[in-house]
Amino acid sequence: MTGRAGFGEEFQQAMRILIADDDAVSRRLLERTLQDWGYEVAIARDGAEAWAALSGEDRPQLAVLDWMMPGLDGPELCRRTRAMDAQIPVYVILLTARAERADVVAGLEAGADDYVIKPFDKAELRARLHVGARVLQLQLSLADRVRELEDALSKVKLLQGLLPICAYCKRVRDDRNYWQQVENYVTDRSAARFSHSICPSCYEREVRPQLEELAAPAAGREGRNDREC
Amino acid sequence: MSVEGRGVSAVDAPALMTRLEGDRELLAELLELFGTDAEALLASITKGLASSDAPAVHRAAHTLKGAVANFCAPAAVAAAVALESAGRNGDLSDAPALLQRLRREIDAVFAAVGRILASGTTLRNGKPGDDSRP
């Protein structure tokens, strides 16, 4: 795992956020506020610019989108963003006017993660961004976990298929034509480790006769079968 | 709702300065941005009225409402809302009067913010980060 454990300033400061609003006053105030909080801010003045940023190579992790913009509006941007095949989708907060609360449902249905009423209340916006950061962090650690599982799975797959094994010494032949001890073969290809022991039937067949042979000259010795081998 | 500058300030100065954490430079910058935007949006509304384009009136009034709301100016917001509603409902019969009212309220906002900037006194009302709205 990487050093992303816990929700810290380090994670927050690395976050890129897109703000899209056609009104310059709201845009500037939002930009300034987010910069003060340590975000790296990208700006879009309308829906088309916002879409260019959201669909570009260096995509933001968070986006604060105005509901009503010329060109593409907030919900349409949400729909397009959700249709993209991204491993970790951008976290979208819609900005909406108080009188348009009914639109909130439509916005969330279109794929927004959250909404904030305009003009934004700083404390509320900050708290909602923190929720977004938490969700992103969860998705990141989930993606890490999936990657780990995929790695493990690819190793497990190496243990599938036909495995030639010597009928006498029980060595197996690997894909490079080497004959290996079965322990080494499995250890190289999985997380399994071997701990050597003796099964009861081998103990009876192999170990006990040897012990008895050793013990025979020293007659009268007790507890000979309890010895560790 | 409208106070139209009769004795009551068009701008809630303490709330505004709390919102901006006392940053006058930022306030001056926002006022300048608003000057350019408001002029263009009022022109769009005037044009929309002339061509009976209700959606255009609705859109421009909506944007203007969002912009002026940042200055903690309830009367101007109310005037913009009235015009926005008229545009949304497609009924522009009262719109010229509403536009006149909006112009007055926006002028009042400019005057009030100008006074705040000129006053030079610290209007910071509350700790930074304390953004409770009145």
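This is a predicted model: local features need pLDDT of at least 70, side-chain atom pairs count only at pLDDT 80 or more; totals for chains, interfaces and linings use all residues.
Me: How do β1(A) and β2(A) pair, and over how many bridges?
Reply: The two strands pair in the parallel sense, over five bridges. To find a spot on the model, look for A:Ala20, which stands opposite A:Ala44 in β2(A).

Me: And what about β1(A) and β3(A), how many bridges there?
Reply: Four bridges, again in the parallel sense. Here A:Ile19 stands opposite A:Val64 in β3(A).

Me: Is β1(A) mostly covered or open?
Reply: Mostly covered: five of its five residues are buried. On one side you have A:Arg16, A:Leu18 and A:Ala20, and on the other A:Ile17 and A:Ile19, so both faces of β1(A) are covered.

Me: Why do neighbours in a strand end up on opposite sides?
Reply: Because side chains alternate between the two faces of the sheet in a regular strand.

Me: Moving along, which helix sits between β3(A) and β4(A) in their β-α-β unit?
Reply: That's helix α4 of chain A, residues 74–83. Together with β3(A) and β4(A), helix α4(A) makes a right-handed β-α-β unit. The strands β3(A), residues 62–66, and β4(A) pair in the parallel sense over five bridges. One pair to look for is A:Asp66, whose bridge partner in β4(A) is A:Leu95.

Me: What does β4(A) do on β5(A)'s side?
Reply: Strand β4(A) runs parallel to β5(A), residues 114–118, and five bridges join them. A:Leu94 has A:Tyr115 as its bridge partner in β5(A).

Me: Why is β4(A) described as largely enclosed?
Reply: Because seven of the seven residues in β4(A), 91–97, are buried, the strand is largely enclosed by the rest of the structure. Both of its faces are covered. A:Tyr91, A:Ile93, A:Leu95 and A:Ala97 are buried on one side, with A:Val92, A:Leu94 and A:Thr96 buried on the other.

Me: Switching to chain B, how many helices and strands are there?
Reply: Chain B has five helices and zero strands. Reading from the N terminus, its elements run α-α-α-α-α. The chain has 134 residues, and 47% of them are buried.

Me: What share of the contacts in chain B comes from residues 24 or more positions apart?
Reply: It is 73%, counting the contacts with a separation of 6 or more.

Me: How many residues of chain A are in contact with chain B?
Reply: 17 residues of chain A, and they touch 24 residues of chain B. Between them the two chains bury about 1900 Å², with 58% of that on carbon and sulfur atoms.

Me: Which three residues of chain A supply more of that area than any other three?
Reply: A:Val25, A:Leu29 and A:Met68, which supply 31% of the area that chain A buries against chain B.

Me: How many salt bridges does the rule find across the interface?
Reply: Three between chain A and chain B. One of them joins A:Arg28 and B:Glu29, whose closest N and O atoms are 2.5 Å apart. The two chains also have 10 residue pairs in polar contact.

Me: Which helices of chain A supply at least two residues to that side?
Reply: Both α2 and α6 (122–157) of chain A do. Helix α2(A) gives the most, with six residues.

Me: Where's the cis peptide bond?
Reply: Look from A:Lys118 to A:Pro119, where omega is near -10°. A:Pro119 lies in the loop between β5 and α6 of chain A.

Me: What about positive phi, which residue in chain A has that without being glycine?
Reply: A:Asn177 is one, with phi near 70°. You'll find A:Asn177 in the loop between β6 (172–173) and β7 (179–180) of chain A.

Me: Is A:Asn177 buried or exposed?
Reply: Exposed, with a relative accessible area of 55%.

Me: And in chain B, what is the phi of B:Ser52?
Reply: About 50°, a positive value, although B:Ser52 is not a glycine. B:Ser52 is in the loop between α2 (24–50) and α3 (54–69) of chain B. This serine is exposed too, at a relative accessible area of 58%.

Terms used. Residues are numbered from 1 along each chain as its sequence is written. Chains are lettered from A and ligands numbered from 1 in the order in which they are written. Side-chain values use heavy atoms; hydrogens and water are left out. Buried means under 20% relative accessible area, exposed over 50%, partly exposed in between (1.4 Å probe, protein chains only). Two strands pair if DSSP finds at least two bridges between them. A crossover is right-handed if, with the strands pointing away from the viewer, the path from the first strand over the helix to the second runs clockwise. Contact means heavy atoms within 4.5 Å. Buried area is the accessible area (1.4 Å probe) that two parts lose on being put together, summed over both. A salt bridge is a side-chain nitrogen of Lys or Arg within 4 Å of a carboxyl oxygen of Asp or Glu. A polar contact is a pair of N or O atoms within 3.5 Å; within protein, one must be able to donate a hydrogen and the other to accept it, and residues adjacent in sequence count only if both atoms are side-chain atoms.
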